[in-house]
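Dear colleague,

My notes on its salt bridges and on one of its sheets follow.

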Amino acid sequence: MNDFLVENLTQSVGDKTVFEGISFIIHELDRIGLIGVNGSGKTTLLDVLSGSHGFAGDRAPFSKKNNYKIAYLTQEAEFSDDKTVLETVLSADLPEMALIREYELLVADYTAADQSRLDRIMSEMDALSAWTIENEVKTILSRLGIHNLKQKTGSLSGGMRRRVQLAQVLLADADLYLLDEPTNHLDIETIAWLADFLKSRKKTLLFITHDRYFLDKLSTRIFELDQAKLTEYQGNYQDYLRLKTAENERQAAQLHKQKQLYKQELSWMRTQPQASATKQEARIKRFKTLEKELKKTQSQNQLEIQFESARIGKKVLQFTDVSLTYGGKSLFSHFNLLVQNKDRIGIVGANGVGKTSLLNLISGDLQASQGEVDIGETVRVGYFSQQIRGMDENKRVITYLQEKAETVRTADGLFSVAELLEQFLFPPASHGKLIAKLSGGEKKRLYLLQILLEQPNLLLLDEPTNDLDIATLSVLERFLQYFSGPVIVVSHDRYFLDKVTNKILAFKNGEIHQFFGNYSDYLSETKAERIKEATHSQEKSQLPPVKEKPKKKRLSYFEQLEWDTIETDISQLEADIEEITAAMQTNASDYEQLAVLQTQLDEKNDELLQKYERYDYLSDKQE
């Protein structure tokens with residue numbers, strides 16, 4: 001057995017106990033999603049398990065085999081800035097990795113003089129069966145968008161450093177992979193690939209994520225950290241929701257009984273004189289205990305946001321023939337858009353195409369290179385940016401908010417800032433805490449609250465799901481459903497986009513395309529278009545013959561093997577799709593079988609699209 005057992009683990013951060021006496025076991029091939037509100041200790045738990053953070057007590061609370069290896073994806077990438085991307089990604093101290101490093105460097109700068117050395121390396125890779133690992137390296141680097149392997153890591157952007165770190169961890173030889181927000185800085189397609197990759201490679205995982213589709217697809221168990229305790233739920237995120245709903249219903253029934261008893265006892269308390277009788281003293285004590293429990297339960301109820309917003313007129317926002325060039329690069333041109341009162345617009349596209357720049361045009365942080373951005377006079381913009389703006393971390397939590405308002409009016413009445421903080425899961429003891437001592441997610445939650453205090457009627461949200469916990473995201477989604485003004489959001493979180501959007505702006509090839517519906521609607525439409533275009537292109541084109549020598553084709557050894565078989569692979573996938581389609585017609589009345597066949601069809605279509613993409617890539621590389 002290759003299990004990792006944790007018994008009676010306790011850990012504090014400062015004066016706060018983040019978990020106390022928790023015990024659990026991680027079985028081989030488990031994929032465990034770790035959830036909980038920001039500040040509940042999720043990252044701290046990964047730190048302790050990885051060995052980068054200590055634990056309370058003298059005896060180690062872990063039981064595992066002696067050579068048990070752990071790979072840890074932290075939120076902040078930590079590696080030598082003077083090393084190249086290749087050296088960092090292939091840092092594992094394995095002979096196969098050393099050969100692959102040498103092979104990739106030779107292929108990148110190949111000359112005829114290197115042929116004998118290349119032949120020797122390829123022979124050694126054959127002997128060690130290293131081509132499988134090389135294939136994995138190629139796949140991971142390609143899907144994560146890592147192409148310049150000679151670049152120093154110190155010159156990389158934050159997002160690219162994160163991708164390099166993720167590649168490094170995925171290629172590590174480990175028994176357990178600890179992943180802290182692995183989807184951060186990844187676009188939607190890459191997140192979908194990562195979920196499939198981790199699932200198919202049969203790795204043992206303990207991961208933190210706010211992406212509920214990723215969590216649902218990948219997890220086999222859910223660990224929830226709450227009030228310093230850990231609760232385990234079997235299954236994926238959908239199973240967790242079902243079990244949690246049943247649990248909440250039981251608690252609601254118990255709460256109702258407590259409230260009824262509390263009303264009876266409160267009536268008795270008000271009618272009874274002060275007395276010293278033992279029976280009365282005991283009843284008073286029970287009343288106070290019941291009152292304390294009720295207050296605690298009510299404070300733990302899921303927070304709700306019902307802020308009033310400033311009145312907004314009929315004229316909101318209009319882009320007329322807008323072009324934007326930034327950093328010498330044309331991001332988009334001749335863009336037209338009319339934003340209306342109830343619009344919920346999601347902006348999607350690869351990293352660096354101009355999504356945030358579009359928001360900055362609306363906020364006034366950027367000016368259009370051409371055209372007009374016309375904003376209504378009554379519009380009050382609230383901008384939740386990726387980087388927290390104007391937050392002095394030397395201030396106290398409550399002071400930071402009181403500078404905006406002492407009270408705020410919501411649908412439920414007038415609330416003080418202190419009451420609002422409690423609704424936002426900041427207990428009274430944290431109100432006087434320095435902002436610098438908050439977790440990253442708690443700072444984001446506080447930042448969001450500060451923006452809503454200003455009562456905006458147009459909300460701009462730039463990657464709002466980064467660092468926010470699932471509980472806060474669920475509440476934000478409900479708030480956005482009832483928000484009286486338009487919402488424009490940049491996000492890679494498919495679940496969030498499906499919940500809140502009714503229109504999609506998709507950046508592609510320097511243009512912005514508009515689609516009506518949520519992200520799943522957009523995905524279905526574009527997927528159908530891609531299959532149709534790819535099939536049409538395949539029918540019209542004739543595959544070129546394979547050339548002879550890899551060095552003249554500029555293909556690596558593995559790419560040459562892939563090129564030699566790709567026509568056969570494509571033909572087989574097309575035959576599989578025809579067979580599944582025929583089976584679906586045969587089983588048209590068997591809904592269970594249809595669901596299975598539809599899943600298989602989707603998988604085969606995805607594989608076919610990937611093969612088309614690889615064929616185009618390899619074909620272009622030869623020319």
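A residue is called buried under 20% relative accessible area, exposed over 50%, and partly exposed in between. Please note that the model is predicted.

By this rule Asp374 is partly exposed, because its relative accessibility is 23%. The side chain of Asp374 forms a salt bridge with that of Lys315, at 2.8 Å from N to O. This pair links distant parts of the chain, 59 residues apart: Asp374 belongs to strand β13 (residues 370–375), and Lys315 to the loop between α10 (278–299) and β10 (317–326). Lys315 is likewise partly exposed, at 48%.

A salt bridge also joins Lys404 and Glu454, again with 2.8 Å from N to O. Lys404 sits in the loop between α12 (397–402) and β15 (407–410), and Glu454 in the loop between α14 (440–453) and β17 (458–462), so parts 50 residues apart in sequence are tied together. Lys404 is partly exposed at 43%, as is Glu454 at 31%.

Within helix α9 (residues 237–271), Arg242 and Asp239 are three residues apart and therefore separated by about one helical turn. Their closest N and O atoms lie 3.4 Å apart in a salt bridge. In total, 25 salt bridges are counted, and Glu102, Arg117, Arg120 and Glu124 are linked in a network of them.

Turning to the sheet, three strands form an open, antiparallel arrangement in the order β2-β1-β4. Because β2 (16–26) and β4 (62–63) each have a single partner strand, one side of each has no neighbour in the sheet. Strand β1 (residues 4–13) pairs with β2 over seven bridges, and Phe4 has Ile26 in β2 as its bridge partner.

With kind regards

Terms used:
Residues numbered from 1 in each chain as written. Predicted model: local features only at pLDDT ≥ 70, side-chain atom pairs only at ≥ 80, totals over all residues. Heavy atoms only, no water. Pairing = 2+ DSSP bridges. Helix = DSSP H or I, 4+ residues; strand = E, 2+ residues; numbered from the N terminus. Salt bridge = Lys/Arg side-chain N within 4 Å of Asp/Glu carboxyl O. Buried < 20%, exposed > 50% of the residue type's maximum accessible area, 1.4 Å probe, protein only.
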